[in-house]
Amino acid sequence: MRKTVILGVLLGAMQFTGSAQTSLSNTEAAKVFAENAFHLSEVMLHDVANPPAASRFYAYAMLGAYYTASSSGSDIPQIGPNFKVNPGVHATYSAKGFDLTFAATYAMLEVGKKIMPSGYLLKTNQEQLETQFKEQYKLSSRSVEANKKYAIEIADQIIRYAKSDGYNKLSTYTRYTPSKEEGRWYPTPPEYMSAIEPQWKTIRPFFLESYDQFVPTAPAPFSLDTASSFFKQTMEVYDVVKNLTPEQKLIASFWDCNPFAVTYSGHMAIGLKKISPGGHWMGITGIACEKADIPFDSTIFVHAMVGTTLHDAFISCWDEKYRSDRIRPETMINKYVDSEWRPILQTPPFPEYTSGHSVVSAASSVVLTTLLGDNFAFRDDSEVYFGLPERDFNSFYEAAAEAAISRLYGGIHYRDACDEGVKQGRAVGTNSINKVLKPASSGTN
């Protein structure tokens, strides 16, 4: 296994230069940034942002913070020149009193405010950030205004860049109609929602050369032959869900991350607020950066790498979902095995293969492992807000593996979708890392 030394060689060298200054300690700055990043998640919960769209929002918001740092004299690696289309963002801070923590966090919120449907809600968080830095960190009113002006200039450039990525064209495509062919995806109970983002592959990626750069192995073909791989996998899902241990149920719930979850009380449908898979991994990124106690511009860099890689991972995964268009276990089992069977998680409204959480978790784990090291133990409290206990992990790879198998425990994916999803995600994550760090990481194998 490749043993990374990026933490000591790369991030350890990312010290502030020029005007990249902050009055906070590394951990304080990371905490402020992570807390405000969660406000992005709160708005996405309010809007019920679907997982691919959420990843896009996180990516651009983190780029707002990234360019605030990179344009102010930081030595963090250049990301933009490695993108499929370089944003070419640049601004100059010329006044006195620059504070990177305030400016970068404000820029992140500013992008979120302008890119999300209910982004206006973040104005309150920006005002709270201003008050915090004036009262707690003694940043003068004049400096606050100068930092805001700089942050807004960066954010406006990011928004212009985002407008050219194809997102605004999604509504112009012909409405998706489920195939009537046996073995293909079809809407599932309880809401029977229409397919989510069938044209997501048309969105511009960051590091990927094309949406189909990492096409996974084809899924096991649909078959009612009891000796076939597909039918055996179907029965595995059926049996696993019927015999789950308390720990397996907890794992399934911890990684559920389904923003579309609905429960019923009589005739009343109640939406359950849950963070998206991307939001969960952005939370882990904040937790890890705070624990690592790395320079704040390094914290920003790590968040930007995870955010943009998440975006690419969803593009790659969604391309495969609508190519293979495979039936979900719930539909298969109800029609051919047991009409009363139900998964313990609500089946998401899109085709089955590959598992989205498996792909994005694996991609994120590659980035975080490369940047923060192998065997980085951490306590994940990302789901405490949603009423779930903390979980401890010995590494990012361990967390990603648990996220992948959780989809089998939950009854919403077959095993090959989880296993091949991990491979697909690792390819996406490795691609992002190689594009940005290949020169810096050479000789570490």
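Ala, Val, Leu, Ile, Met, Phe, Trp, Tyr, Cys and Pro count here as nonpolar, Asp, Glu, Lys and Arg as charged, and the others, Gly among them, as polar.

## Basis of the report

The structure is a predicted model, in which local features need pLDDT of at least 70 and side-chain atom pairs count only at pLDDT 80 or more, while totals for chains, interfaces and linings use all residues. Residues are numbered from 1 along each chain as its sequence is written, and side-chain values use heavy atoms, with hydrogens and water left out.

## The largest pocket

A pocket is an open set of points on a 1 Å grid over the protein atoms alone, with protein on both sides within 12 Å along at least five of seven lines; a cavity is a set of points where a 1.4 Å probe fits but cannot get out, and lining residues have an atom within 4 Å of a point. Grid points are joined across faces, edges and corners, and a volume is the space filled by probe spheres set on the points.

By class, the lining of the largest pocket comprises 9 nonpolar, 6 polar and 4 charged residues.

The largest cavity has a volume of about 130 Å³. Its lining consists of 16 residues, with P51, P277, P348, F350 and R407 the closest to the centre. Both α10 (296-324) and α12 (356-372) supply at least two residues of that lining, and α10 gives the most, with 3 residues. The lining of the largest cavity holds 9 nonpolar, 4 polar and 3 charged residues.

The second largest cavity has a volume of about 70 Å³. Of its 11 lining residues, T188, M193, Q346, T347 and P349 lie nearest the centre. This lining divides into 7 nonpolar, 3 polar and 1 charged.

## Helix packing

Helix α2 (residues 26-47) packs against α10 at an angle of about 35°, with the axes 9 Å apart. Axes are lines fitted to C-alpha atoms, for helices over the stretch in contact, and angles run from 0 to 180 degrees between N-to-C directions. The crossing of α2 and α10 is right-handed, that is, the near helix is turned clockwise from the far one by less than a right angle. N26, A29, A30 and F33 of α2 meet F296, T299 and H303 of α10, where contact means heavy atoms within 4.5 Å. The residues of this contact are 4 nonpolar and 3 polar, with no charged.

Helix α3 (residues 51-70) and helix α4 (residues 100-115) cross at roughly 150°, and their axes come within 8 Å. This crossing is also right-handed. Among the contact residues are F57, Y60 and M62 of α3 and L100, M108 and V111 of α4. The contact of α3 with α4 divides into 13 nonpolar, 2 polar and 1 charged.

## Salt bridges

The structure holds 19 salt bridges, each a side-chain nitrogen of Lys or Arg within 4 Å of a carboxyl oxygen of Asp or Glu. One of them joins the side chains of R391 and E247 (2.8 Å, N to O). The pair links distant parts of the chain, 144 residues apart: R391 belongs to strand β4 (residues 391-393) and E247 to helix α8 (residues 246-254).

Terms used
Helix = DSSP H or I, 4+ residues; strand = E, 2+ residues; numbered from the N terminus.
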